[in-house]
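Here are a few exercises to work through with the model open beside you. Try each task before you read its solution.

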Amino acid sequence: MPSILIINPNSSVSVSENLRRTVCAPPNSTLHFYTAPSSAPPEITGHETLALSEQAALPDILEKRLLDQHDAFLVACYSDHPLVASLAKHTQKPVLGIMQATLLYVYASARLHRLFVLTSTSGWLPLLDEAITRFSGTGFFPENKFYRSKALDVLVLDLADPSELAKITDKVSAYLCELQGVDCVLLGCAGMAGLDKKLAEKFPGVKFVDSVKAGVEFAVAMTRMP
C-alpha cells in the first residue's frame with residue numbers, strides 16, 4: 001500500500017490542516033502530511049519565498065529521513081517549486097508538484113479545450129504563465145489551450161475561510177463571463193483545496209480541478225508503474 005507524503009513547503013499549519021480535512025487517500029493508499037519548519041515563510045508569494053521555503057524544508061526533510069518512510073512525495077505549492085527538483089536528487093522515488101499534476105491532467109484529457117489557472121494573488125500571475133510556457137516545451141505560451149492566469153486577490157491563508165466564498169464566486173463568475181468557451185479552471189493554490197466541489201455547484205458546466213487531489217492521484221499511479 002503506497003504511502004504518499006504531502007509536503008506543505010510553508011510554515012502555516014492551517015494550510016496543512018485544511019489539506020488533511022479535504023484530501024482523501026485513493027483506494028489502497030495512505031496519505032501523510034508535512035509542514036515546513038518555522039524558519040520557512042508562512043506564505044509563498046514569489047521567487048524569494050520559493051527559495052526560502054526550499055532552504056528551510058529540504059534539510060528538515062532529509063534530517064528526519066522522511067524520504068525513507070514514504071513511497072512518493074507531493075510538493076503542495078502551485079508553482080515550479082525548486083523543492084521538487086532538489087528532492088528528486090536525493091531519491092529515486094516519485095516526486096511531483098501539484099502544478100505539474102494539473103497540467104498533465106489537462107493535456108491528457110480529450111474533453112478539456114479552453115482553461116485558465118486561478119491563483120490567490122496577482123503577484124503569482126507572471127510566474128505561473130512562465131511555468132506553463134516551460135511545461136509546454138515550445139518556448140511559447142500555449143494560447144490555443146490556455147488563457148492567461150487569473151487571480152482572486154485573496155491571501156492564501158484566507159482561501160479556506162467561508163466568509164471569502166462569496167468574493168471568490170463573484171470573481172470566478174466575472175472571469176467566466178470575460179473569457180469565452182472556458183470548460184476547465186485549474187485551482188492554482190494548495191489553499192484552495194476543497195473549493196472544487198463548491199465552485200462546481202455554482203458553475204455546473206465547468207470542470208474545477210483541485211490541484212492537490214490531482215497530485216495525489218498521479219503520485220499514487222507513479223508508485224505503481226514499473
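**Exercise 1.** Find the salt bridge between E178 and K150, and work out which elements the pair ties together.

*Solution.* Start with the atoms: in this predicted model, the closest N and O of E178 and K150 are 3.4 Å apart. The cut-off for a salt bridge is 4 Å, so the pair qualifies. Finally, check how open each residue is. E178 has 47% relative accessibility and counts as partly exposed, while K150, at 17%, counts as buried.

**Exercise 2.** Which residues do salt bridges with shared partners join into one network?

*Solution.* The network consists of D129, E143 and R148. Take one of its links: E143 and R148 form a salt bridge, with their closest N and O atoms 3.7 Å apart. Now look at R148 itself. Its relative accessible area is 41%, so R148 is partly exposed. R148 also lies over the face of F141, at 4.0 Å from the ring centre.

**Exercise 3.** Where in the chain do the partners D80 and R134 sit?

*Solution.* First the contact: the side chains of D80 and R134 meet in a salt bridge, 3.0 Å from N to O. Then the places: D80 is in the loop between β3 (72–75) and α3 (82–88), and R134 is in helix α5 (residues 125–136). That makes it a link between distant parts of the chain, 54 residues apart. Across the structure, the count comes to nine salt bridges.

**Exercise 4.** Classify the ring pair F116 and Y175.

*Solution.* A search of the whole structure turns up five aromatic pairs. For F116 and Y175, the ring centres are 6.1 Å apart and the planes meet at 70°, so the pair is edge-to-face. F116 lies in strand β5 (residues 115–119) and Y175 in helix α6 (residues 165–178), 59 residues apart. F116 is buried at 0% relative accessibility, and Y175 counts as buried at 13%.

Now try F203 and F208. Their centres are 6.1 Å apart with 45° between the planes, and this pair is tilted. F203 and F208 are both buried.

**Exercise 5.** Which rings form a cluster?

*Solution.* Follow the ring pairs and you link Y107, F135, F141 and F146. Then look over the ring of Y107: the charged end of K145 sits there, 6.0 Å from the ring's centre.

Notes
Residues numbered from 1 in each chain as written. Predicted model: local features only at pLDDT ≥ 70, side-chain atom pairs only at ≥ 80, totals over all residues. Heavy atoms only, no water. Phe/Tyr/Trp six-rings, centres within 6.5 Å; stacked < 30°, edge-to-face > 60°. Helix = DSSP H or I, 4+ residues; strand = E, 2+ residues; numbered from the N terminus. Buried < 20%, exposed > 50% of the residue type's maximum accessible area, 1.4 Å probe, protein only. Lys NZ or Arg CZ within 6 Å of the ring centre and 35° of its normal.
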